[in-house]
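Here's a quick briefing to read with the structure open beside you.

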Amino acid sequence: MSLTRYNPRGLAPWFDFDRLFEDFDRPLGVAPFRGGAEAGWAPAVDVFEDDKEIVLTADLPDMDQKDLDIHVEDNHLTIKGERKFENEEKKDQYHRIERRYGSFQRTFALPDTVDADNIGAKYDKGVLKVTLPKLDKPKNARTIQVK
Amino acid sequence: MRMLRYHYPVSPAVAERRPQPQIDWSPRADAQETATEYVVRVDAPGLAESDFDIQLDRGVLTVSGERKAPEAEDASYVLRERSAGRFSRRFRFAGKVDADNVSARYEKGVLEVYVPKAETIRKVPVEYETVQ
């Protein structure tokens, strides 16, 4: 069950205004990558690209290794997982819950030049960093001679 | 003229004040109250413990800091969603708190601040004289 925001009784209506503003820091992505967010929430992601590699950095605080799933399939990189709420039984002690929990998934279309066999991922201090090295030539490149 | 303690009706236990000027983003935070303390957890990945400035002043907890933007030039970024720059959050506690014993922990990108409640009732020990 995904966590919904805890709304203590007796709150004035303006309280919801705050939530509107909080959502303004949601990601605004502009990219040739097709990034899709399905299910629940989506972590904010930076993608950097140069000649040698593509580096994808995602904000994913408080994740356990076992709850993270990163895989490449058919030239698409998928990052998915679930962030569990640490105190399920004590939810009524919470005056405010803003942090996002539950399942997340993001998928990115990768260019042909990515060397899918050598993708590396590192998780440190709540940041997931996926490094995708690029090959010199696209995988299926073929030079065609003109006769 | 009496100064109103709150300008607007808020959850009486933990209320957030308006953000300070010149902040670039507001990390999301959860606020919990137990029998003995308040716990505030802030999502702020990619920082070091020393990057946080935590203040408790007259019952208001302020958590601030700065997350540096990634280093490459803007031109090399095909997607920029992660917030960067100065951040600050404030929390006010309804009950009295023990400002001398606030502690914090930063793990997996989450800053946890523990604010113990002050004892409001102090039992005064009474020495009884024995009357023979």
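Chain A has one helix and nine strands, and along the sequence they come as α-β-β-β-β-β-β-β-β-β. Chain B has zero helices and nine strands. Keep in mind that this is a predicted model.

**The two chains in numbers**

- Chain A has 147 residues, and 38% of them count as buried.
- For chain B the buried share is 43% of 132 residues.
- In chain A, take the contacts with a separation of 6 or more: 59% of them are between residues 24 or more positions apart.
- In chain B, 58% of the contacts between residues at least 6 apart in sequence join residues at least 24 apart.
- Reading chain B along its sequence gives β-β-β-β-β-β-β-β-β.

- One open sheet is built from five strands in the order 8(A)-9(A)-3(A)-2(A)-6(B), with antiparallel pairing.
- Its edge strands are strand 8 (120–124) of chain A and strand 6 (77–80) of chain B, each of which pairs on one side only.
- From one strand to the next, the twist averages 10°.
- Inside this sheet, strand 2 (residues 45–49) and strand 3 (residues 53–59) of chain A run antiparallel and are joined by five bridges.
- Which residue is the bridge partner of Glu49(A) in strand 3 of chain A? That's Ile54(A).

**Sheet that starts with strand 6 of chain A**

- Another open sheet of five strands has the order 6(A)-2(B)-3(B)-9(B)-8(B), and the pairing is antiparallel here too.
- Strand 6 (94–96) of chain A and strand 8 (103–107) of chain B each have a single partner strand, so one side of each is left without a neighbour in the sheet.
- The twist in this sheet averages 20° from one strand to the next.
- Strand 2 (residues 29–33) of chain B pairs with strand 3 of chain B in the antiparallel sense, over five bridges.
- Within that pairing, Gln32(B) has Val39(B) in strand 3 of chain B as its bridge partner.

**Strands 5 and 7 of chain B**

- Strand 5 (residues 60–67) and strand 7 of chain B are an antiparallel pair with eight bridges.
- Arg67(B) sits opposite Gly85(B), which belongs to strand 7 of chain B.
- Strand 7 (residues 85–93) of chain B is mostly covered, with eight of its nine residues buried.

**Nonpolar cores**

- As background, nonpolar side chains tend to be buried together in soluble globular proteins.
- The largest nonpolar core holds 20 residues, and Leu56(A) and Leu60(A) are the ones that touch the most other members.
- Elements giving two or more residues to this core are strand 2, strand 3, strand 5 (76–83), strand 7 (102–109) and strand 9 (127–133) of chain A, along with strand 6 of chain B.
- Leaving out residues up to four places away in sequence, Leu56(A) touches several residues, including Val47(A), Leu77(A), Ile79(A), Phe108(A) and Leu128(A).
- A second, separate core has 18 residues, among them Trp25(B), Val42(B), Phe93(B) and Val115(B).

- Asp43(B) is part of strand 3 (residues 37–43) of chain B.
- Why does Asp43(B) count as buried? Its relative accessibility is 10%, and the cut-off for buried is under 20%.
- The Asp43(B) side chain makes a polar contact with the side chain of Arg83(A), at 2.7 Å.
- Setting aside residues up to four places away in sequence, Asp43(B) touches residues of both chains, including Pro61(A), Arg83(A) and Arg99(A) as well as Trp25(B), Pro27(B) and Val110(B).
- Glu98(A) lies in the loop between strand 6 and strand 7 of chain A.
- Glu98(A) counts as buried because its relative accessibility is 3%.
- The side chain of Glu98(A) makes a polar contact with the side chain of Arg96(A), at 2.6 Å.

Key:
Residues numbered from 1 in each chain as written. Chains lettered and ligands numbered in written order. Predicted model: local features only at pLDDT ≥ 70, side-chain atom pairs only at ≥ 80, totals over all residues. Heavy atoms only, no water. Buried < 20%, exposed > 50% of the residue type's maximum accessible area, 1.4 Å probe, protein only. Helix = DSSP H or I, 4+ residues; strand = E, 2+ residues; numbered from the N terminus. Pairing = 2+ DSSP bridges. Axes fitted to C-alpha atoms, helices over the stretch in contact; angles between N-to-C directions. Contact = heavy atoms within 4.5 Å. Core = buried A, V, L, I, M, F, W, Y, C linked by side-chain atoms within 4.5 Å. Polar contact = N/O pair within 3.5 Å; in protein donor to acceptor, adjacent residues only side chain to side chain.
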